[in-house]
Amino acid sequence: MADGSFLEWPFFEDRHRALAGQLEEWCKTHLPVDHSDVDAACRDLVMALGKAGFLSHSAIEPDGGGPLDVRSLALIRETLARHDGLADFAFAMQGLGTGAISLFGTDEQRGWLRRTRAGEAISAFALSEPKSGSDVANMEMIAERDGDSYVLSGEKTWISNGGIADLYCVFARTGEAPGARGISVFLVAADTPGLAIAERLEVIAPHPLARLTFRDCRVPASAMIGKPGEGFKIAMSVLDVFRSTVGAAALGFARRALDETIHRARNRELFGAPLGDLQMVQGHIADMALDVDAAALLVYRAAWTKDMGAPRVTREAAMAKLYATDRAQQVIDKAVQIHGGDGVRKGSIVESLYREIRALRIYEGASDVQKVVIARQVMGG
Ligand code: COS
């Protein structure tokens, strides 16, 4: 990487710098992987990241121990994204899928974390539905109490790791109240009868993704994470932690685009001189570097604030995600432009970054939703 000076910022401790160094070395020998079979690639990546110990940062220690360290999560996502978007995806979804257990799980539920942290089980976060993506409180999926069980019926879609996950963290309406106050969350093992993969979904930067159906899917009452009716707040708390890490992944893509562009500007001759001698190109590179640093400041401000014990980082996380993903899109677009034909050639690094970045402005709360969240926080505060 051209510029690692951000690691000296006061947001970080020596353990973070050591982690970044170890992961960088690991990435050099393990990434990128072949993306032709994304299911197999993700399974292998989860296993490899677990074996190397990096997944131990994705969830809390099941037997007790500190809270999630958001700076570590962000540094890992940024570093993996710089080398391979699928590796970032594999790491990130282990954290998001088990986030509710890390934050609110019982001792028994935390047992799953031994396996997800070791890379022996894959997890997924099942929140979105065909009619409620941004409007979570409008979800239709139902979980009805029946004796010592809940029976889940409904549909979830755009579920990352859908099809390869071993456990799903599923949000459903339990009816304590209308809207946001009547939702609960359940841990559902993938082999639970009644849970089916209805459709696999293909996207421009392929990764395992599916629509799921639940028909009379019975889980024990002990599968509920947190209390009845707390599901919406649990989902928001999980997103408060993980949204800034989406910004971190975007930052990793943007840094890679900047590195590729600097290399191009130094080595490509145009009009008898290196491309980088053109002031127009220098202007683009300056804009890209500024966007990268500003995004990094917002991402690590959010992560640091959470790690320092702030009960809520809703505003900081939303700002980090919104800014870092939107600016990374611009940085990568400039990289494509400066690479000319090579920028759109299938299989080139900047072409893959161009596809990888787009979904980050949509998932875990679209840019427009982040603006709503920021405005409410600023006005309400
Ligand atoms: N942490 C804890 N509690 C939160 C919270 C947070 N970050 N955000 C909201 N809440 C609480 C509110 O305080 C409110 O509590 P009370 O009922 O006690 O007053 C409750 O949750 C409802 O909040 P709100 O009224 O803001 O809910 P809305 O239905 O207006 O939803 C948005 C707000 C749009 C922000 C929310 O639905 C959202 O984040 N949508 C995007 C979802 C998303 O990221 N989807 C992607 C899925 S994962 S790939």
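**Close-up views of a predicted model**

**View 1. Strand β5 and its neighbours.** Phe186 stands opposite Met224 in β8. The coordinates shown in this and the following views belong to a predicted model. Strand β8 (residues 224-225) pairs with β5 in the antiparallel sense, over two bridges. Strand β4 (residues 167-173) also runs antiparallel to β5, and seven bridges join the two. Among these strand contacts, Arg173 has Ile183 of β5 as its bridge partner. Strand β5 (residues 183-189) is mostly covered, with six of its seven residues buried.

**View 2. The second largest pocket.** This pocket holds about 320 Å³ of space. It is lined by 20 residues, of which Pro32, His35, His83, Asp84 and Ser352 are the closest to its centre. The elements that contribute two or more residues to the lining are α3 (70-83), α6 (231-267) and α10 (349-358). Helix α10 gives the most, namely six residues. By residue class, the lining of the second largest pocket comprises eight charged, six polar and six nonpolar residues.

**View 3. The cis peptide bond at Pro32.** Most peptide bonds are trans. The bond from Leu31 to Pro32, however, is cis, and its omega is near -5 degrees. Pro32 is placed in the loop between α1 (14-30) and α2 (38-51). Pro32 is also one of the residues closest to the centre of the second largest pocket.

**View 4. Helix α8 and the glycine that follows.** Helix α8 (residues 314-339) consists of 26 residues. From its first C-alpha to its last, α8 reaches 37 Å, close to the 38 Å expected at 1.5 Å a residue. Gly340 follows α8 and has a positive phi, near 55 degrees.

View 5. Most residues other than glycine have a negative phi. Trp158, although not a glycine, has a positive phi of about 60 degrees. Trp158 is found in strand β3 (residues 149-160). Trp158 counts as exposed because its relative accessibility is 52%, and the cut-off for exposed is over 50%. Glu364 likewise is a residue other than glycine with a positive phi, in this case near 55 degrees. Glu364 is located in the loop between α10 and α11 (367-380). With a relative accessible area of 12%, Glu364 is buried, since buried means under 20%.

Notes: Residues numbered from 1 in each chain as written. Predicted model: local features only at pLDDT ≥ 70, side-chain atom pairs only at ≥ 80, totals over all residues. Heavy atoms only, no water. 1 Å grid on protein atoms, 1.4 Å probe; cavity = no way out; pocket = protein on both sides within 12 Å on 5 of 7 lines; lining within 4 Å. Points joined across faces, edges and corners; volume = space filled by probe spheres on them. Helix = DSSP H or I, 4+ residues; strand = E, 2+ residues; numbered from the N terminus. Nonpolar A, V, L, I, M, F, W, Y, C, P; charged D, E, K, R; others polar. Buried < 20%, exposed > 50% of the residue type's maximum accessible area, 1.4 Å probe, protein only. Pairing = 2+ DSSP bridges. Expected span 1.5 Å × (residues − 1).
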